[in-house]
Amino acid sequence: MLRRIFLILTVPLAAVITLAAPALAQNAHLKGSHPLSFTDNGLTLTGTASYAGLGNFDTVQTLTATGQPTATCTNPSGVNKPPGHNPAQVTLTGATAIPASAIKNGNVTITTTTKPPVAPDCPGSSWTENITDVAFTSATITLSQQGATVITVNVTFSPPTSNGPVPGSGFTFTTSP
């Protein structure tokens, strides 16, 4: 008898709890025929992605971009500006948080811009260091909800980006859940 009462009370309670909790992104994917766009801002990269199939949770989009910087090192006299010492590739990151209330019927478009690079090393501490441009070669967009990655987009720019909007023909991408 006790078991029957327990089942009568717990089964409806479990159903209410299950139905009351919104589902985490069950089928997160890029939305539309042109879901991505990028702009090379010179020292930063801006990426915009449109998503569908998301759960109604706070969301974070992270953009990580890799590129080859162009740099100058100015000597203390300020007259001579030899080129930088071919600084190594840089990896730049930015993130955008979106509240659950901004997601409408599982859809949202998010724009994220990376932070700029730090200056390269020059021959002496009295020299002025300056990165003047970054040509981006790849990027990764990661979308997370509830601390879990729901979609990852890997992008390759070919040829490397130059200042301004990146044409759709200038990059390829793959996604993984």
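I searched the whole structure for aromatic pairs and found 3. Rings of Phe, Tyr and Trp (its six-membered ring) pair if their centres lie within 6.5 Å; planes under 30 degrees apart count as stacked, over 60 as edge-to-face and the rest as tilted. Phenylalanine 38 and phenylalanine 157 make one of these pairs, edge-to-face, with 5.2 Å centre to centre and 90° between the planes. This pair links distant parts of the chain: phenylalanine 38 sits in strand 2 (residues 36-40) and phenylalanine 157 in strand 8 (residues 148-157), 119 residues apart. Strands (E, at least two residues) are DSSP runs, numbered from the N terminus.

I noted that this is a predicted model, in which local features need pLDDT of at least 70, side-chain atom pairs count only at pLDDT 80 or more, and totals for chains, interfaces and linings use all residues. Residues are numbered from 1 along each chain as its sequence is written, and side-chain values use heavy atoms, with hydrogens and water left out.

Phenylalanine 38 and phenylalanine 157 are both buried. Buried means under 20% relative accessible area, exposed over 50%, and partly exposed in between (1.4 Å probe, protein chains only). Phenylalanine 157 also pairs edge-to-face with phenylalanine 171, at 6.2 Å centre to centre and 65° between the planes. Phenylalanine 171 is in strand 10 (residues 171-176), 14 residues from phenylalanine 157.

Next I looked up glutamine 61, which is in strand 4 (residues 59-74). Why does glutamine 61 count as buried? Glutamine 61 counts as buried because its relative accessibility is 0%. Beyond four places in sequence, its contacts (heavy atoms within 4.5 Å) include Gly47, Tyr51, Ile110 and Leu143. The side chains of glutamine 61 and tyrosine 51 are joined by a polar contact of 2.7 Å. A polar contact is a pair of N or O atoms within 3.5 Å; within protein, one must be able to donate a hydrogen and the other to accept it, and residues adjacent in sequence count only if both atoms are side-chain atoms.

Last, I checked the backbone. Most residues other than glycine have a negative phi, and most peptide bonds are trans. Serine 158 and proline 159 are joined by a cis peptide bond, with omega about 5°. Asparagine 105, not a glycine, has a positive phi of about 55°. Asparagine 105 counts as exposed because its relative accessibility is 78%.

Definitions and conventions. Helix = DSSP H or I, 4+ residues; strand = E, 2+ residues; numbered from the N terminus.
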